[in-house]
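Please read the following briefing alongside the sequence and the model.

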Amino acid sequence: MTEIKKNTGGCFFTLVGFFLTIGLFIFLRVVFSLPETIALIGAIIAAGVLTSKWLGTPSGKSLIQIAVFIVIGITVFRVGVSFLTSLSSNPDHQFIPEEGVSQTMKFIDTDSVLVYESSRAWKDNNGSSYSAELAVRDKDFKTLYRHIDNYPYTDIPNFWGKLYKYIDRTDSPSLDLVVKEFARIGKEKGLNQMQFADMVVTCIQDIPYSLVFQEACMPASNYEDSIKQVLLDCPECCIGNVAYGIQNPVSFLQNLKGDCDTRTILIYSILKHFDYDVAILNSDFYRHSIIGINIPAKGSHKIYQGKKYKVWETTSKYFEAGELPYSFNNLTHWNVVLTSK
């Protein structure tokens, strides 16, 4: 008698294939930190092999149903993760005590130089590991400390963009040790344009968040819920009496205390040095600052002067270019205030 090859279809095969794919996708993303596309392809292949082994060869209809459900499922998963991340943040994350910055002597160009230095170790959004020594000279810190105090406030259009431009112009020459360190990593790892930008941004994202106020820091009970929670979790995560509520990049690297625009200015200056077309975007509605980068990548973007700037959250880990937390992802509330090109 001729053996009849089993052909399985229907809802049961579709459900098994779908849930197995989603489960494997999450497993590969979380445990192995694989890029989303690679994790999805791997999950689909593994789920197909396992499901066919258990239930037999699927029908064409079942395959189409599984594909549709996978697209819907992955979309729901990504929206859900973004939403949950935004609920647990300010848009911020894990508040832990300030990581150490040491004052030490560093041998630079045949001279011993006193520097402030922090040892960083982090992973980018593809799971690649990096380490770096971020240093600024003591003399540069003393020269530039509170230099923003001297910048006069004027009620002019795009005041913040002009302030950021002034900070970048003033601090950038003193970031040479930092850009050399990032250049070293890029060369050693053979990073392409997107990988290099991701390496830089994730390094700054990895630094614990701190509030920076123009006024003095007050007890947590004096603030709205979002700020109150930050200070309850980390009472020392606040510095006050800082002009315009912004630390200049050299001061940020000296104490590793920075909020949103403190970080965006530093990232802007670094990426600008490496000839990226980078922007700073502000939102009065969300009271937040992010960067944008004009680079081929998927995700959300803001069009400015005919160019597409992929939006990028800098205060919270694991956000990639083109991704914003659910709590402030309406791009109509964002405005480009400064570009490097």
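**Briefing on the predicted model**

With a relative accessibility of 62%, Arg287 counts as exposed, where exposed means over 50% relative accessible area, buried under 20% and partly exposed in between, computed with a 1.4 Å probe on protein chains only. The model is a predicted one, in which local features need pLDDT of at least 70 and side-chain atom pairs count only at pLDDT 80 or more, while totals for chains, interfaces and linings use all residues. Residues are numbered from 1 along each chain as its sequence is written, and side-chain values use heavy atoms, with hydrogens and water left out.

**Salt bridges**

- The structure holds 13 salt bridges, a salt bridge being a side-chain nitrogen of Lys or Arg within 4 Å of a carboxyl oxygen of Asp or Glu.
- Arg287 forms one of these with Glu224, their closest N and O atoms lying 3.0 Å apart.
- Because Arg287 sits in the loop between strand 8 (278-283) and strand 9 (288-293), and Glu224 in the loop between strand 6 (211-212) and helix 8 (225-233), the pair ties together parts that are 63 residues apart in sequence; helices (H or I, at least four residues) and strands (E, at least two) are DSSP runs numbered from the N terminus.
- Glu224 is partly exposed, at 39% relative accessibility.
- Lys272 and Asp168 also form a salt bridge, with 2.9 Å between the closest N and O atoms.
- This pair links distant parts of the chain, since Lys272 belongs to helix 10 and Asp168 to helix 5, 104 residues apart.
- Lys272 is partly exposed at 36%, whereas Asp168 is buried at 3% relative accessibility.
- Within helix 4, Lys142 and Asp138 lie 4 residues apart, about one turn of the helix, and their side chains meet in a salt bridge of 3.1 Å, N to O.
- Of these two, Lys142 is exposed at 59% relative accessibility, while Asp138 is buried at 6%.
- A network of salt bridges links Arg120, Asp206 and Lys317.

**Sheet and packing helices**

- Three strands form an open sheet in the order 3-4-5 with antiparallel pairing, two strands being paired if DSSP finds at least two bridges between them.
- Strand 3 (102-108) and strand 5 (129-137) stand at the edges with a single partner strand each, so one side of each has no neighbour in the sheet.
- From one strand to the next, the twist averages 50°.
- Strand 3 and strand 4 (residues 111-123) run antiparallel and are joined by 7 bridges, and Gln103 has Tyr116 in strand 4 as its bridge partner.
- Helix 6 (residues 176-189) packs on the sheet, touching strand 3, strand 4 and strand 5, and its direction makes about 160° with that of strand 5; axes are lines fitted to C-alpha atoms, for helices over the stretch in contact, and angles run from 0 to 180 degrees between N-to-C directions.
- Helix 7 (residues 193-205) lies across strand 4 and strand 5, running at about 95° to strand 4.

**Buried loop residues**

- His147, in the loop between helix 4 (138-144) and helix 5 (159-171), is buried at 7% relative accessibility.
- Beyond its neighbours within four places in sequence, His147 is in contact with Tyr166, Ile167, Thr170, Asp171 and Asn248, contact meaning heavy atoms within 4.5 Å.
- Gly258, in the loop between helix 9 (249-255) and helix 10 (260-273), is buried at 0% relative accessibility.
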